[in-house]
Amino acid sequence: MPKIIIVGAGPGGLATAIRLASRGYSVEIFEAANRVGGRMAGFENGSYSFDTGPTILQLPRVYQELFTESGLNLSDYIQFKQLDPNTRVHFWDNTRLDLTSNIEAFKIQLGAIRSDLGTAFDKWYAEHVRKYKVGYKSYLGTPVRSIAGYLNPLEIARAISFRPWESLYQQFWHHFKDERIAYALSYSSKYLGMHPTVCSSIFSLIPYLEFADGVWHPEGGFRALALAMAKATEDLGTRIHLNSSVKQIWIENRQTKGVELASGERVRADAVIINADFAHAMKNLLPESARGKYTDAKLGKMQFSCSTFMLYLGINRRYEDLPHHQIYLSDNVRKRSRPWIDDSALDEENPPFYVCNPTIIDPSNAPAGHSTLFVLVPIPNTAYNVDWASKQKSYRNLIIQRMPLLGYKNIEKHIVTETCYTANTWQDDYRTHLGAVFNLTHNWKQLGPLRPHIRSNTVSKLYFIGGAVHPGSGLLTILEAAKSATSFVGQDITTSVNDT
Ligand SMILES: Cc1cc2nc3c(=O)[nH]c(=O)nc-3n(C[C@H](O)[C@H](O)[C@H](O)COP(=O)(O)OP(=O)(O)OC[C@H]3O[C@@H](n4cnc5c(N)ncnc54)[C@H](O)[C@@H]3O)c2cc1C
């Protein structure tokens, strides 16, 4: 049985392990941390449990497919619950809008803002039904092609009809001519770590998917999803080694031989898949000769996403009346110059922020009558040298003072436990280059064939899986990439299962 080693038990590593193990490979995962999940691992603080990273799950069918195509039942491992509203957006002028998959209810809200907005939404939605059919499978759901592979006249004609040169913000402005609606619908660009005015409108499929298919929450949180994926792959025979940091990939004559662990032990394999953050791996796990074009100089020129300031709060009360996801879009979101559009300086005046209130549908994460809150603020990545040792406390106070803007009144007096992450935490504790939690930005120079590839061009039987490689960051996208990674391994190393 061919043996595959995966470096890292993040969502990308786990999804690839499930697929490979079900196809007859012997899979071993080496994970540096003491639990699985990477940025999705979660943690406990006293009697409160927290998700660390993802809180928004889109397109459950992709998880369903991962399990079904691997001979498993997703529902034997985890259940998903749909949220309503998807997200409540509060604006700089004290108005608000509930984004919801209940399209009629959404259009009633739009109609109350301006009478023609419901019709404008219908037009936008119909365009996206078409865009989804054309774009999802050919871009997200398939391995990357060469540049020439995209020069297909029919595909180009179809793509042009969706005006991909527009920014996400421009696209929504074009349809709605209302600044609040345009920002509310385009702010999902922040899932990719980008401001809506610099993110391509090709990503309008993200808000479309949320309208069409909803926003979901895994029961027990995303940390339970990580455990479910780990259990699934273990049930298929994968061995997961925690607290097992890989020191370097073992390569001879441009052939992958296995890995060398921090302990000095060498473990042989037929192929290695690196799930560790791409730039981190380039700098730390691969010799210069195996890095291809991704030298330090090249990485220095590439653009990485923003980071996030996080507060994970254990609270001695519940907020039953507040929705699961809320975003505050401050006046500064409307600014079109640096540092507001590229997060190159810390906004210490009026930052936008997001709060997740998961306990209302997932009470298991806190003692009876208590709850947990997850607060996220986009901040510069570590390339911009924010001195967090001196700023962390005042920034925490600023955000706590602003939480009443989302309905969390007198929050300070209800805090029982708190944990704070800065860009340094993501960089140092989660081994994420520059603490750029959404990986490489998704600009035109770093998309499709120009994004790092899953299969190494330099070393045989070496692959990458995660948010930095094609097609991009986020769970849904990485799960799609896991399909491509499995298919590349299948092309390079056959087993009795994929032989038949
Ligand atoms: C605050 C935040 C909010 C987010 N919100 C969402 C969301 O709502 N929805 C969504 O879809 N996505 C969201 N994301 C993005 C999502 O979390 C990432 O895209 C995803 O976790 C990336 O998965 P990955 O497998 O590529 O890498 P990671 O999750 O980073 O996993 C990589 C793993 O490799 C391990 N590793 C690194 N180096 C070594 C080594 N030398 N040896 C062994 N192991 C090693 C790490 O410990 C880690 O476990 C969010 C991320 C953050 C941080």
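In the predicted model, Pro471 sits in the loop that runs between strand E19 (462–464) and helix H14 (475–492). The peptide bond leading from His470 into Pro471 is cis, with omega near 0°. A cis peptide bond also joins Arg338 and Pro339, where omega is about 0°. Pro339 belongs to the loop between strand E15 (325–328) and strand E16 (353–356).

Backbone geometry was also examined at residues with positive phi. Leu59, although not a glycine, has a positive phi of about 50°. Its place is the loop between strand E4 (48–50) and helix H2 (60–68). Leu59 is buried, at a relative accessible area of 4%. Asn94 is not a glycine either, and has a positive phi of about 70°. With 69% relative accessibility, Asn94 counts as exposed.

The ligand has 35 residues around it, and those that come nearest are Gly12, Glu31, Arg39, Asn275 and Leu475. For Gly12, a backbone N or O atom lies 2.8 Å from an oxygen atom of the ligand. The corresponding distance is 3.2 Å for a polar backbone atom of Gly467, and 3.4 Å for a backbone N or O atom of Gly38.

The largest nonpolar core comprises 131 residues, and Met229, Ile249 and Val259 have the most contacts inside it. When neighbours within four places in sequence are left aside, Val259 is in contact with Ile5, Val7, Phe30, Val246, Gln248, Ile249, Trp250, Glu265, Arg266, Val267 and Val272. Another core lies apart from the largest one and has 26 residues, including Phe309, Ile399, Tyr408 and Ile411. In soluble globular proteins, nonpolar side chains tend to be buried together.

Met229 is one of the buried residues of helix H9. This helix spans residues 222–235, 14 residues in total, and reaches 20 Å from its first C-alpha to its last, close to the 20 Å expected at 1.5 Å a residue. Helix H9 is mostly covered, with 10 of its 14 residues buried. Besides Met229, the buried positions are Phe222, Arg223, Ala224, Leu225, Ala226, Ala228, Ala230, Ala232 and Thr233. Just after H9, Gly237 adopts a positive phi of about 110°.

The number of disulfides is 0. Cys199 takes part in no disulfide, and the nearest cysteine sulfur, that of Cys306, is 11 Å away. Cys199 is buried, with a relative accessible area of 0%, and Cys306 is buried at 5%.

Glu179 lies in helix H7 (residues 179–186). With a relative accessible area of 24%, Glu179 is partly exposed. Not counting residues up to four places away in sequence, Glu179 touches Trp92, Tyr169, Trp173 and Arg334. The side chains of Glu179 and Arg334 make a polar contact at 2.9 Å. Glu179 and Ala297 are 118 residues apart in sequence, and their C-alpha atoms are 40 Å apart in space.

Terms used. Residues are numbered from 1 along each chain as its sequence is written. This is a predicted model: local features need pLDDT of at least 70, side-chain atom pairs count only at pLDDT 80 or more; totals for chains, interfaces and linings use all residues. Side-chain values use heavy atoms; hydrogens and water are left out. A nonpolar core is a set of buried Ala, Val, Leu, Ile, Met, Phe, Trp, Tyr and Cys residues joined through side-chain atoms within 4.5 Å. Buried means under 20% relative accessible area, exposed over 50%, partly exposed in between (1.4 Å probe, protein chains only). Contact means heavy atoms within 4.5 Å. A disulfide is a pair of cysteine sulfur atoms within 2.5 Å. Helices (H or I, at least four residues) and strands (E, at least two) are DSSP runs, numbered from the N terminus. The expected span of a helix is 1.5 Å times one less than its number of residues. A polar contact is a pair of N or O atoms within 3.5 Å; within protein, one must be able to donate a hydrogen and the other to accept it, and residues adjacent in sequence count only if both atoms are side-chain atoms. A residue is near a molecule or strand if one of its heavy atoms lies within 4 Å of it.
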